[in-house]
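Please examine the structure shown below.

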Amino acid sequence: MLVPGIIKITKMTSMEKRLQKELQAMTKDPPAGVSVNTNSLSSNLSEWVVDIEGAPGTLYESERFQLGFKFTPRYPFDSPQVMFLGPNIPVHPHIYSNGHICLSILTEDWSPALSVQSVCLSIVSMLSSCKEKKLPPDNAIYVRTCSKDPKKTRWWYHDNSV
C-alpha cells in the first residue's frame, strides 16, 4: 500500500539506464540534422521518434524524415527495431516504401557499442552518399510479403554503392 505523499521508487532496468544516458547525450549535443522528438518518448523509454533532416548539398537537402526506434528489454545486446515513419519516407535504394531500412548495423553487424546516435549518423550518411533517388529493385514484392517487423527480415547485403 502506498502512503499519500510517499513516492514509489522503482529500480531502473539496464535498458532504461542505457537509454537514459543516450537520451541525455542526444538532447545535450545532437548530431547535425538529428533530434529526438521528446514528446514521443514512451514512459520506459522503449519507443522513440527521431527527426532527421537531409544534409546540405545532398539529394535530400532540407527534407525532413522521422525514424521510429523500438527497444527490447535486451537492449543494447539486441539491436533496436528502426524504420522510417509517416508519409515522408526517403526514396533510396536501401529504404523500402514501407519504411524498412536495409542496413547491416541494424541486424547482423549490430554491436552493444553502437547507440541511437551512431545509428542515426549511419542513416544520415547513407542518405548523404546517395547518387540517385530510386526504390530498391524488389520494393513491390518485399512490401507486399514482408513482416511488419524489419528485424524479422533476412537481409541480403549485396550492394554497398548507392
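Q: With which residue does Arg64 form a salt bridge?
A: This is a predicted model in which local features need pLDDT of at least 70 and side-chain atom pairs count only at pLDDT 80 or more, while totals for chains, interfaces and linings use all residues. Residues are numbered from 1 along each chain as its sequence is written, and side-chain values use heavy atoms, with hydrogens and water left out. A salt bridge is a side-chain nitrogen of Lys or Arg within 4 Å of a carboxyl oxygen of Asp or Glu. With its closest N and O atoms 3.3 Å apart, the partner of Arg64 is Glu53.

Q: Which strands hold Arg64 and Glu53?
A: Helices (H or I, at least four residues) and strands (E, at least two) are DSSP runs, numbered from the N terminus. The pair ties together parts that are eleven residues apart in sequence, because Arg64 lies in strand β3 and Glu53 in strand β2.

Q: Is Arg64 buried or exposed?
A: Buried means under 20% relative accessible area, exposed over 50%, and partly exposed in between (1.4 Å probe, protein chains only). Glu53 is partly exposed at 28%. Arg64 has a relative accessible area of 58%, so this residue counts as exposed.

Q: How many residues apart in sequence are the parts tied together by Glu63 and Lys133?
A: The side chains of Glu63 and Lys133 meet in a salt bridge with an N to O distance of 2.4 Å. Glu63 lies in the loop between β2 and β3, and Lys133 in the loop between α2 and α3 (139–145), so the parts joined are separated in sequence by 70 residues.

Q: What separates Arg18 and Glu22 in helix α1?
A: These two residues form a salt bridge, the closest N and O atoms being 2.6 Å apart. Arg18 is partly exposed at 22% relative accessibility, whereas Glu22 is buried at 8%. Because they are four residues apart in helix α1, the separation is about one helical turn.

Q: What pattern does the protein chain follow along the sequence?
A: The protein chain contains three helices and four strands. Read along the sequence, their order is α-β-β-β-β-α-α.

Q: What is the volume of the largest cavity?
A: On a 1 Å grid over the protein atoms alone, a cavity is a set of points where a 1.4 Å probe fits but cannot get out, and lining residues have an atom within 4 Å of a point. Grid points are joined across faces, edges and corners, and a volume is the space filled by probe spheres set on the points. Ten residues line the largest cavity, with Val82, Leu106, Thr107, Pro150 and Lys151 nearest its centre. Its volume is about 60 Å³.

Key: On a 1 Å grid over the protein atoms alone, a cavity is a set of points where a 1.4 Å probe fits but cannot get out, and a pocket is an open set with protein on both sides within 12 Å along at least five of seven lines; lining residues have an atom within 4 Å of a point.
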